[in-house]
Amino acid sequence: MENNNNKVFLIASDFHDSMLALDKVLELSTQYNANKIILLGDIFGAHAYEMVEKLNTVSYKLTIVKGNNDGFADELPDKDFKVFDTTYENINGKIAYLCHGNKLSWFNTNELGAKIVMFGHFHVPMLKKENGVVLLCPGSMAQPRSAIGKTFALIKNGKIMILKEDGEVVEEMNFDEV
């Protein structure tokens, strides 16, 4: 895995075909100078072809895992990116296991010594450490299921953060605690 020390990661999930959510995440990736965009599933729907066109513009810095509503994502034509069932990512020197919540597994977490588990599916933001592993769910930028509203996650400047779409930090953890 490539060394990503001090890179900026923007993490989002559960767009459920919302072009507005995708546009906002792409805007935020520019605003925060994200080196990497991680999308944790349930992205595509009826607007999949338009979404592919937009995502192709950032394919060089994109990692996507498939959600339970993305069953057809592998067959989408003309995409310059891969859609993984699950995958691992080097996050500033720490191994992260990436999945949609319907594929969450402690076995996969421990298999490669993952220190961070990133997942979507629940539409509720979460950032906590449990059994020595950081659990990170960015919430949803389209269909939030918490009073906090639309949220995403950011890893930047030694912090893991959950932010509202307007940039207000609602939870944070020092990356050194991972």
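Reply: This is a predicted model. The structure holds three aromatic pairs. In one of them, Tyr32 and Phe152 form a tilted pair, with 6.0 Å from centre to centre and 50 degrees between the planes. Tyr32 sits in the loop between α1 and β2 (36-39) and Phe152 in strand β10, so the pair links distant parts of the chain, 120 residues apart.

Me: Are Tyr32 and Phe152 buried or exposed?

Reply: Tyr32 is buried, with a relative accessible area of 13%. Phe152 is buried as well, and its value is 0%.

Me: How should I classify the rings of Tyr88 and Tyr97?

Reply: Planes under 30 degrees apart count as stacked, over 60 as edge-to-face, and the rest as tilted. The planes of Tyr88 and Tyr97 stand at 45 degrees, with the ring centres 5.3 Å apart, so the pair is tilted. Tyr97 is buried at 0% relative accessible area.

Me: Phe152 belongs to strand β10. How do I read the sheet around that strand?

Reply: Strands of a sheet pair through backbone hydrogen bonds, either parallel or antiparallel. Here seven strands form an open sheet in the order β4-β3-β2-β1-β10-β11-β12, with mixed pairing. Its edge strands are β4 (83-84) and β12 (169-174), each of which pairs on one side only.

Me: What pairs with β10 on the β1 side?

Reply: Strand β1 (residues 9-12) and strand β10 (residues 151-156) pair in the antiparallel sense over three bridges. Phe9 has Ile155 of β10 as its bridge partner, and Leu10 stands opposite Leu154 in β10.

Me: How many bridges join β10 to β11?

Reply: Six bridges join these two strands, which run antiparallel. Ile155 stands opposite Ile160 in β11. The two strands form a hairpin with two residues between them, and Asn157 in the turn has a positive phi of about 50 degrees.

Me: Which way do the side chains of β10 point?

Reply: In a regular strand the side chains alternate between the two faces of the sheet. In β10, Thr151, Ala153 and Ile155 point one way, while Phe152, Leu154 and Lys156 point the other way.

Me: Why can β10 be called largely enclosed by the rest of the structure?

Reply: The cut-off for buried is under 20% relative accessible area. Six of the six residues of β10 are buried, so the strand is largely enclosed by the rest of the structure. The buried residues include Lys156, which points the same way as Phe152 and Leu154.

Me: Now the charged side chains. How many salt bridges does a search of the whole structure find?

Reply: Side chains of opposite charge can pair when their charged atoms come close. The search finds eight salt bridges. One of them joins Asp23 and Lys54, at 2.5 Å from N to O. Asp23 lies in helix α1 (residues 19-31) and Lys54 in helix α2 (residues 48-56), so this contact ties together parts that are 31 residues apart in sequence.

Me: How exposed are Asp23 and Lys54?

Reply: Asp23 counts as partly exposed, at 31% relative accessibility. Lys54 is also partly exposed, at 29%.

Me: Which salt bridge involves Glu172?

Reply: Glu172 forms a salt bridge with Lys159, and their closest N and O atoms are 3.8 Å apart. Glu172 lies in strand β12 and Lys159 in strand β11 (residues 159-164), so the pair ties together parts that are 13 residues apart in sequence. Glu172 is partly exposed, with a relative accessible area of 47%, and Lys159 is partly exposed at 26%.

Me: What about Glu130 and Lys128?

Reply: These residues form a salt bridge whose closest N and O atoms are 3.2 Å apart. Glu130 is partly exposed at 30% relative accessible area, and Lys128 is partly exposed at 36%.

Me: Which residues are linked in a network of salt bridges?

Reply: Lys66, Asp74 and Asp85 are linked in that way.

Me: Last, the surface. Which residues form a nonpolar patch?

Reply: Leu104, Phe122 and Val124 form such a patch on the surface, with about 230 Å² of accessible area together. Leu104 is placed in the loop between β6 (94-99) and α3 (106-111). Its relative accessible area is 40%, so Leu104 counts as partly exposed.

Key:
Residues are numbered from 1 along each chain as its sequence is written. This is a predicted model: local features need pLDDT of at least 70, side-chain atom pairs count only at pLDDT 80 or more; totals for chains, interfaces and linings use all residues. Side-chain values use heavy atoms; hydrogens and water are left out. Two strands pair if DSSP finds at least two bridges between them. Helices (H or I, at least four residues) and strands (E, at least two) are DSSP runs, numbered from the N terminus. A salt bridge is a side-chain nitrogen of Lys or Arg within 4 Å of a carboxyl oxygen of Asp or Glu. Buried means under 20% relative accessible area, exposed over 50%, partly exposed in between (1.4 Å probe, protein chains only). Rings of Phe, Tyr and Trp (its six-membered ring) pair if their centres lie within 6.5 Å; planes under 30 degrees apart count as stacked, over 60 as edge-to-face and the rest as tilted. Patches are made of residues with over 30% relative accessible area and no salt bridge: like charges are joined within 9 Å, nonpolar side chains (Val, Leu, Ile, Met, Phe, Trp, Tyr) within 5 Å. Accessible areas come from the Shrake-Rupley method with a 1.4 Å probe; for residues, only the protein chains shown count as cover.
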